[in-house]
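Subject: Structure handover

Hello,

Here is the structure you asked to take over. My notes on what was found in it follow below.

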Amino acid sequence: MAAGTAMSSYWRGLRDGLPFLAVVGPFAMLFGVLATEAGLAVHETMGFSIVVIAGAAQFTALQLINENAPTLVVLASALAVNLRMAMYSASITPHLGPLPLWKRGIVAYFLVDQTYAQSILDFEKNLDQTTAEKFAYFLGVMTPICPPWYLFTFVGAVLGESIPPSLGLDFALPIAFLAMVGPMLRTPAHRIAALVSVILALAFAWLPYNMGLLVAGLGGMMAGAQAELRLGVKP
Amino acid sequence: MTDTTELWTIIIALGLGSFGLRFAFLGLVGDRAMPEWLLRHLRYTAVAVIPALVAPLVIWPTSTGGEPDATRLAAAVATFAVGYLTKNVFAAMGVGAAVLVSLSLLF
């Protein structure tokens, strides 16, 4: 019975995660191509995608390695880009915190932009799920996102420069995220949080190391929390 | 070019650091109760971080060297509008991709 509902949650997650394949494929291939162009061997490129498994941070690190930046600068910059992952971790803890430690470890490893955003959207929409069902759903979403991240990095690394940069492909990522924002704007507090975060992100885009994203993220969260208190909206 | 040892140092340290950030709350807090004010802020994480991640990419796309681009802007507006009105992520992605591809082919 319990295994049955977890299984159906897994398949539901897999179905919801499937469209992200269209984003992850080109993005991973691009990393493979650029890493090869930067002089990395195939196994080193794969090491990046399997060990780090974070698109934006990998591109940042690659860029700085290319510029011969000192190791510490590479690490600090790429980790700054990834600081938002700590916010995702905090945000998903009320849902997946009751899991045993090893399962929380698995969630942490696979916690990337797409798996986080799609899972939190579902957890907040379907409130009656058990922790086991939420974990199964998360694994379902992860399945068409993370293994293809490795696979298409490999394809990109092997094919290298023979892949022509096709028009508009770079914009698949913003489209995928934007598609998720609309359904997230459930209450006035959510809409205020999003609006404040966009204004701050554009105003602080000049900050180095992607710090503008953190300013905007924290500012948006504070705006949402304040709006919830003052407007008395239900979360 | 960075040498092999240095490269693997970067890969492994970056992997450990990224995992640390992702595990920070999941691992240390677990199912202990978090204070209400913190939960109230965390409810808005996704809706604050994802738009902030996307907004600069929409206004200043990397592939045009940071120049605002009508095709990408139109695709972004269409994606958001469909997502907001229908609450359907896949319809929004489909319409956004269709607008992006058709305008890219036209111009």
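Which residues have the most contacts inside the largest nonpolar core? They are A:Ile175, A:Ala193, B:Ile50 and B:Ala52, and the core itself has 112 residues. Helix 3 of chain B, residues 45–59, gives the most to this core, with eleven residues. Please keep in mind throughout that this is a predicted model.

B:Ala52 shows how the chains meet at one residue. Leaving out residues up to four places away in sequence, B:Ala52 touches A:Ser197, A:Val198, A:Leu200, A:Ala201, A:Leu213, A:Ala216, A:Gly217 and A:Gly220.

Contact between the chains

The contact takes 77 residues from chain A and 66 residues from chain B. On the side of chain A that touches chain B, the largest share comes from helix 6 of chain A (residues 84–96), with twelve residues. Sorted by class, that side of chain A has 55 nonpolar, 17 polar and five charged residues.

B:Phe25 is another residue to look at here. It lies in helix 1 of chain B, residues 4–28. Is B:Phe25 buried or exposed? B:Phe25 has 24 other C-beta atoms within 10 Å, so it is buried; the cut-off for a buried residue is 20 or more. Apart from neighbours within four places in sequence, B:Phe25 is in contact with A:Ala86, A:Ser89, A:Ala90 and A:Thr93. Within its own chain, B:Phe25 is 42 residues from B:Glu67, and the C-alpha atoms of the two are separated by 38 Å.

Chain A

The secondary structure of chain A comes to 13 helices and zero strands. The C-alpha trace of chain A spans about 55 × 50 × 35 Å along its principal axes. A compact globule of 235 residues would have a radius of gyration near 18 Å, and chain A has 19 Å, which agrees. Of the 235 residues in chain A, 51% are buried. Taking the contacts in chain A between residues at least 6 apart in sequence, 75% join residues at least 24 apart.

The domain assignment of chain A gives domain 1 (2–160 + 169–181) and domain 2 (185–230). The centres of these two domains of chain A, taken over C-alpha atoms, are separated by 22 Å. Their contact takes seven residues from domain 1 of chain A and eight residues from domain 2 of chain A. On the domain 1 side, helix 5 (71–81) and helix 6 of chain A are the elements that give two or more residues. Helix 5 of chain A has the largest share of that side, three residues. The residues on that side of domain 1 of chain A divide into five nonpolar, one polar and one charged.

Chain B

Chain B is divided into domain 1 (1–32) and domain 2 (34–106). The C-alpha centres of domain 1 of chain B and domain 2 of chain B lie 28 Å apart.

Helix 5 of chain B covers residues 89–106.

Two backbone points

Most residues other than glycine have a negative phi. Two residues in this model are worth checking against that.

A:Ile53 is not a glycine, yet has a positive phi of about 40 degrees. A:Ile53 is found in the loop between helix 3 (42–52) and helix 4 (55–66) of chain A. With 21 other C-beta atoms within 10 Å, A:Ile53 is buried.

B:Lys87 has a positive phi of about 60 degrees and is not a glycine either. B:Lys87 is found in the loop between helix 4 and helix 5 of chain B. Because B:Lys87 has 15 C-beta neighbours inside 10 Å, it counts as partly exposed.

Regards

Key
Residues are numbered from 1 along each chain as its sequence is written. Chains are lettered from A and ligands numbered from 1 in the order in which they are written. This is a predicted model: local features need pLDDT of at least 70, side-chain atom pairs count only at pLDDT 80 or more; totals for chains, interfaces and linings use all residues. Domain bounds come from an automatic or database domain assignment. Helices (H or I, at least four residues) and strands (E, at least two) are DSSP runs, numbered from the N terminus. The expected span of a helix is 1.5 Å times one less than its number of residues. Two residues are in contact if their C-beta atoms, placed from the backbone, lie within 7 Å. Ala, Val, Leu, Ile, Met, Phe, Trp, Tyr, Cys and Pro count as nonpolar, Asp, Glu, Lys and Arg as charged, and the others, Gly among them, as polar. The radius of gyration is taken over C-alpha atoms; the globule rule is 2.2 Å times the number of residues to the power 0.38. A residue is buried if 20 or more other C-beta atoms lie within 10 Å of its own, exposed if 12 or fewer, and partly exposed in between; C-beta atoms are placed from the backbone. A nonpolar core is a set of buried Ala, Val, Leu, Ile, Met, Phe, Trp, Tyr and Cys residues joined through C-beta atoms within 7 Å.
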